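Take a look at the model below.

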Amino acid sequence: MVTDDAPVLTVSQAAQLTDMHPQTLRQYDRLGLVVPRRTRGRGRRYSRRDVARLLEVQHLAQDEGINLAGVKRILDLEQHVSVLEHRLHELASVLAERERAEGRVFAAGTGGDVVAVPRGQRVRRTELYVETRREQGGALVLWRPTPYRD
């Protein structure tokens with residue numbers, strides 16, 4: 001089974017699929033826009049993912065009128081965003097697992113920050129309508145609406 005990342009296409013095959021001249025693909029490789037893998041004899045081998053990226057470069061350059069330096073910057077930023085999104089999902093999963101394990105409750109602090117209320121701890125009920133409690137550099141605010149009085 002061939003994956004999208006398998007380097008199986010030669011320069012001429014990739015050029016034919018993208019309707020580009022092989023020299024254009026070599027130029028994109030030199031500029032770092034689409035860098036194919038190399039064989040032992042230093043021949044270029046493109047994957048299906050590389051072909052999709054070549055088509056994206058072609059679209060940005062020809063249809064959108066962006067120069068190749070701009071295209072490279074866009075592709076680099078898209079890659080950076082992908083890495084950050086992947087890391088965000090990893091951290092969100094870890095946090096969700098910890099919350100399930102610890103059974104934490106969160107509340108809004110006076111400064112707008114989010115404060116974790118440790119498991120088993122209760123907010124002291126008083127007759128005050130707003131109670132502030134300082135913990136771990138944050139604040140926990142409990143607000144209770146009051147009935148209307150004349």
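Is D19 buried or exposed? D19 is exposed, because its relative accessible area is 70% and the cut-off for that class is over 50%. The model is predicted, so that value, like every other here, is computed from predicted coordinates. D19 sits in the loop between α1 and α2. Its backbone deserves a look too. Phi of D19 is positive, about 60°, although D19 is not a glycine. Most residues other than glycine have a negative phi.

R42 lies in the loop between β1 (37-38) and β2. R42 counts as exposed because its relative accessibility is 57%, against a cut-off of over 50%.

Now step back to the whole chain. The protein has 4 helices and 6 strands. From the N terminus, the order is α-α-β-β-α-α-β-β-β-β. Of the 150 residues, 23% are buried. The accessible surface is about 11300 Å². Carbon and sulfur atoms hold 53% of that surface. Among contacts with a separation of 6 or more, 38% join residues 24 or more positions apart.

Next comes the core. The largest nonpolar core has 16 residues. L25, L33, Y46, L54 and V57 touch the most other members. The elements that give two or more residues to this core are α1 (11-18), α2 (22-31), α3 and α4 (68-102). The largest share comes from α3, with 4 residues. Follow L25 to see how such contacts are laid out. Beyond its neighbours up to four places away in sequence, L25 touches V11, A14, A15, T18, M20, Y46 and L54. Two of these partners, Y46 and L54, are also on the list of residues that touch the most other core members.

L68 belongs to helix α4. Where does L68 stand on accessibility? L68 counts as partly exposed because its relative accessibility is 30%, and that class runs between 20% and 50%. Its contacts, leaving out residues up to four places away in sequence, are Y28, L31, L33, V57 and A61. L33 and V57 are again among the residues that touch the most other core members. L68 and Y28 are 40 residues apart along the chain, yet their C-alpha atoms are separated by 8.7 Å.

N67 is exposed, because its relative accessible area is 52% and the cut-off is over 50%. A polar atom of the N67 side chain lies 2.7 Å from the backbone nitrogen of G70. N67 also has a distance to V57 worth checking. The two are 10 residues apart in sequence and 9.9 Å apart in space, C-alpha to C-alpha.

Turn to the pocket. The largest pocket holds about 250 Å³ of space. Which residues line the largest pocket? They are L33, V34, V35, R49, D50, A52, R53, E56, L75, E78, Q79 and S82. Both α3 and α4 supply at least two residues of the lining. α3 gives the most, with 5 residues.

D50 is one of the lining residues. D50 is found in helix α3. D50 counts as buried because its relative accessibility is 15%, and the cut-off is under 20%. Setting aside neighbours within four places in sequence, D50 contacts V34, V35, P36 and R45. V34 and V35 line the pocket as well. D50 and D4 are 46 residues apart in sequence and 8.6 Å apart in space, C-alpha to C-alpha.

S47 is found in the loop between β2 (44-45) and α3 (48-63). Why is S47 classed as buried? Its relative accessible area is 4%, so S47 is buried under the 20% cut-off. The S47 side chain reaches the backbone oxygen of D4 at 3.4 Å. Leaving aside neighbours within four places in sequence, S47 is in contact with D4, D5, A6, P7 and L9.

How values were computed:
Residues are numbered from 1 along each chain as its sequence is written. This is a predicted model: local features need pLDDT of at least 70, side-chain atom pairs count only at pLDDT 80 or more; totals for chains, interfaces and linings use all residues. Side-chain values use heavy atoms; hydrogens and water are left out. Buried means under 20% relative accessible area, exposed over 50%, partly exposed in between (1.4 Å probe, protein chains only). Contact means heavy atoms within 4.5 Å. Accessible areas come from the Shrake-Rupley method with a 1.4 Å probe; for residues, only the protein chains shown count as cover. A polar contact is a pair of N or O atoms within 3.5 Å; within protein, one must be able to donate a hydrogen and the other to accept it, and residues adjacent in sequence count only if both atoms are side-chain atoms. A nonpolar core is a set of buried Ala, Val, Leu, Ile, Met, Phe, Trp, Tyr and Cys residues joined through side-chain atoms within 4.5 Å. On a 1 Å grid over the protein atoms alone, a cavity is a set of points where a 1.4 Å probe fits but cannot get out, and a pocket is an open set with protein on both sides within 12 Å along at least five of seven lines; lining residues have an atom within 4 Å of a point. Grid points are joined across faces, edges and corners, and a volume is the space filled by probe spheres set on the points.
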